[in-house]
Amino acid sequence: MGAGVLVVSVHSFRGGTGKSNLTANLAVQLAQAGSRVGVIDTDLQSPGVHVPFGLRGPELPASLNDYLFGTRTIAEVALDVTPDGVAGVVHLVPSSVEPGQITRVLRDGYDAELLVRGLRDLVDACELDVLLVDTHPGLGEETLLSVAISDTVLVVLRPDQQDYEGTAVLLDVAGGLQVPRTALVVNKVPGAHDLGEVRQRVHDAYATEVVGVLRHDEEMMALASRGVFSLRHPDHPLTAALGEVTRFVRAGAAR
């Protein structure tokens, strides 16, 4: 990738783990610390990271699909979504929510290596310090290529047996691809669970660092992705928990 840029894939084995909201909050917290951050939504089948930034899918002026199908450059589809008062910058490359575009991806596929070239071009065009890749769940070719070029992979899981089994597969794959840093974020933990016990249990199960344990929160649910939670609730305990994940990401940039 580019010199000095940190590439972070935010991944999960199954959908519904909250990785897109996590990605949006990471982007904002990194930008609050002064970083130039790029976010790219590579979940072309079920995109959504644009929503917390206040964008409506049908009104998106451009998308990653336009780049992948040759009608625009990656720089032309990058949107400046920097919140007011933030020291850094956030550039977002959304994916299209138009049914025809999603159907085309499902029917025809796309060149996964072109996506990787686009990531590199985005880093250069926007002079990024950090690139966050919101991946498609599972283990498709495009996801494997994104993971392979990442400096850090954050695997997001819920305290659920199906997530636990799938996460073991992801960690094996990341290990085989020799990703420099892999860590776990446990999300949507029910209120009855002790967060420390959940952290220890997950750590022991995978022998992998757990850098965030995020409780299921009614205020987060009430927000319903109509904004970035850590901006709306800067003093909330969940924002502090998200900050632990952000500090882990920032530590990778210092290496």
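Q: Which residues of the largest nonpolar core touch the most other members?
A: They are Val8, Leu22, Leu26, Val39, Phe53, Leu132 and Leu154, in a core of 38 residues. H1 gives the most to this core, with seven residues. Apart from it lies another core, of 23 residues, with Val5, Tyr67, Leu114 and Leu128 among them. A nonpolar core is a set of buried Ala, Val, Leu, Ile, Met, Phe, Trp, Tyr and Cys residues joined through side-chain atoms within 4.5 Å. The model is predicted: local features need pLDDT of at least 70 and side-chain atom pairs count only at pLDDT 80 or more, while totals for chains, interfaces and linings use all residues. Residues are numbered from 1 along each chain as its sequence is written, and side-chain values use heavy atoms, with hydrogens and water left out.

Q: Why is His11 called buried?
A: Buried means under 20% relative accessible area (exposed is over 50%, partly exposed in between, with a 1.4 Å probe and protein chains only). His11 has a relative accessible area of 3%, so it is buried. His11 lies in strand E1. Leaving out residues up to four places away in sequence, His11 touches Lys19, Thr135, His136 and Leu170, among others; touching, or contact, means heavy atoms within 4.5 Å.

Q: What makes H1 largely enclosed by the rest of the structure?
A: Of the 14 residues of H1, 12 are buried, so the helix is largely enclosed. The buried residues include Leu22, Leu26 and Leu30, and also Lys19, Asn21 and Gln29.

Q: How do you know that the length of H1 (residues 19-32) is close to the one expected?
A: The expected span is 1.5 Å times one less than the number of residues. H1 has 14 residues and reaches 20 Å from its first C-alpha to its last, close to the expected 20 Å. Helices (H or I, at least four residues) and strands (E, at least two) are DSSP runs, numbered from the N terminus.

Q: What makes E3 and E8 the edge strands?
A: The open sheet has eight strands in the order E3-E4-E2-E5-E1-E6-E7-E8, with mixed pairing. Strand E3 (79-80) and strand E8 (210-215) each pair on one side only.

Q: How do you know that E1 and E6 pair?
A: Two strands pair if DSSP finds at least two bridges between them. Strand E1 (residues 6-11) and strand E6 (residues 152-157) have four bridges, in the parallel sense. His11 stands opposite Val155 in E6. E1 is also joined to E5, by five bridges and in parallel; there the bridge partner of Ser9 is Val133.

Q: Why is strand E5 (residues 130-134) called largely enclosed?
A: Five of the five residues of E5 are buried, so the strand is largely enclosed by the rest of the structure. Val130, Leu132 and Asp134 are on one side, Leu131 and Val133 on the other, and both faces are covered.

Q: What describes two packed helices?
A: They are described by the angle between their axes and the distance between the axes. For H4 (residues 112-126) and H5 (residues 141-148), the axes come within 9 Å and cross at roughly 35°. Axes are lines fitted to C-alpha atoms, for helices over the stretch in contact, and angles run from 0 to 180 degrees between N-to-C directions.
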